[in-house]
Amino acid sequence: MENTAKKRIFSGIQPSGELTLGSYMGAIRNWTVLQDAYDCVYCIVDLHTITVRQNPADLRRRCMAQLAQYVACGLDPEKSILFIQSHVPEHAELSWILGCYTQFGELSRMTQFKQKSQRHADNINAGLFTYPVLMAADILLYQADLVPVGADQKQHVELCRDIALRFNHIYGDIFTIPEPFIPEIGARVMSLNHPEDKMSKSDPEGCVFLLDKPEDIKRKFKRAVTDSEAHIDYNPEKQPGVSNLLSIYCAATGKAMPDALAQFDGQGYGNLKSAVGEIVIETLRPIREETERLLKDKAYLENIYKTGAERASRIARRTLLKAHKKLGFLPR
Ligand code: TYM
């Protein structure tokens with residue numbers, strides 16, 4: 001499949017915590033849909049994750065669990081390349097090169113850097129700062145045409161485009177210029193208890209995890225923050241909590257917003273919360289059960305990530321050597 005004429009997709013998720021409903025609706029769900037029409041490469045970006053301190057045993061466990069969840073969500077290792085970023089050293093190598101073509105000012109403007117350096121004020125390391133360069137290397141190594149991500153990653157993909165255009169301008173057509181691919185619904189799932197903030201693993205009560213038990217999901221939706229308007233409408237500015245619940249409902253059922261609004265017309269917030277909770281429980285149930293089953297078969301998962309790294313390496317190496325040649329490095 002590495003030589004097909006299909007367009008290529010690359011995306012990744014950090015194993016920095018358990019996968020969330022946000023990463024599922026913003027990214028993974030789209031990844032599965034794109035598998036047939038595109039040549040897809042999906043990564044577990046463990047190098048990115050160490051920009052924040054990790055417990056090594058937890059990181060190992062989470063990488064394995066994340067791979068199991070990728071498969072349980074419907075990513076097919078026969079169709080898509082599934083691999084772990086640190087297994088393909090070309091990512092770090094190209095990242096160094098691209099760093100020499102990225103400006104300090106560009107990295108200083110990145111929203112995620114500003115947020116993370118506030119949250120981890122005691123550890124604003126150079127990796128946190130150059131994080132988007134490594135992300136650009138991830139994407140450009142595979143000559144990706146499309147990068148399916150949630151809305152929060154758009155700025156990073158745009159920077160990746162700028163770096164690629166700059167490099168190509170000097171050295172010729174080395175890199176494909178990627179486009180972000182952001183879903184219409186589910187691109188920004190908000191926290192259930194702080195609906196003005198993005199749903200994030202750093203706020204576990206406002207966040208649904210893919211492996212949460214049904215009773216936990218039910219509780220989290222029951223406690224979801226709404227408002228005092230007493231009227232179900234989609235208006236993210238005025239009614240962020242209710243609008244978020246409606247968006248999650250639409251993303252999970254595939255319904256269009258006007259249909260969802262008609263369905264809940266005249267109903268109370270309690271009904272909305274329990275309907276959304278139920279549909280999320282039913283969406284995640286098979287994923288949790290399949291993940292539990294897959295995690296018992298370590299050899300199968302190891303085989304997926306080893307094969308994935310070999311296939312990924314073949315593509316990555318070609319791009320890296322092309323860049324080396326253009327830069328004037330002597331052949332190995
Ligand atoms: P990460 O690990 O924070 O998130 C993984 C993916 O999930 C999306 N996402 C969300 N979408 C909607 N609502 C939410 N609440 C929500 N939370 C997360 C993210 O937009 C993302 O698509 N830097 C990236 C990982 C990365 C990457 C890459 C992505 C590294 N290299 C190359 C694409 C291509 C990140 O931190 O995502």
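## Cysteines

The structure holds 0 disulfides, a disulfide being a pair of cysteine sulfur atoms within 2.5 Å. This is a predicted model, in which local features need pLDDT of at least 70 and side-chain atom pairs count only at pLDDT 80 or more, while totals for chains, interfaces and linings use all residues. Residues are numbered from 1 along each chain as its sequence is written, and side-chain values use heavy atoms, with hydrogens and water left out.

For Cys43, the closest cysteine sulfur is that of Cys63, at 9.6 Å, which is too far for a bond. Cys43 is buried, at 0% relative accessibility (buried means under 20% relative accessible area, exposed over 50%, partly exposed in between; 1.4 Å probe, protein chains only). The sulfur of Cys160 has its closest cysteine sulfur in Cys43, 14 Å away and too far for a bond. Cys160 is buried too, with a relative accessible area of 0%.

## Helices α3 and α12

Helix α3 (residues 56-72) and helix α12 (residues 269-294) have axes that come within 8 Å and cross at roughly 130°. Axes are lines fitted to C-alpha atoms, for helices over the stretch in contact, and angles run from 0 to 180 degrees between N-to-C directions. Helices are DSSP runs (H or I, at least four residues), numbered from the N terminus.

## Contact residues

On the α3 side, the contact (heavy atoms within 4.5 Å) is made by Ala65, Ala68, Gln69, Val71 and Ala72. Helix α12 contributes Ile287, Glu290, Thr291 and Leu294. By class, the contact of α3 with α12 has 6 nonpolar, 2 polar and 1 charged residues. Ala, Val, Leu, Ile, Met, Phe, Trp, Tyr, Cys and Pro count as nonpolar, Asp, Glu, Lys and Arg as charged, and the others, Gly among them, as polar.

Key:
Helices (H or I, at least four residues) and strands (E, at least two) are DSSP runs, numbered from the N terminus.
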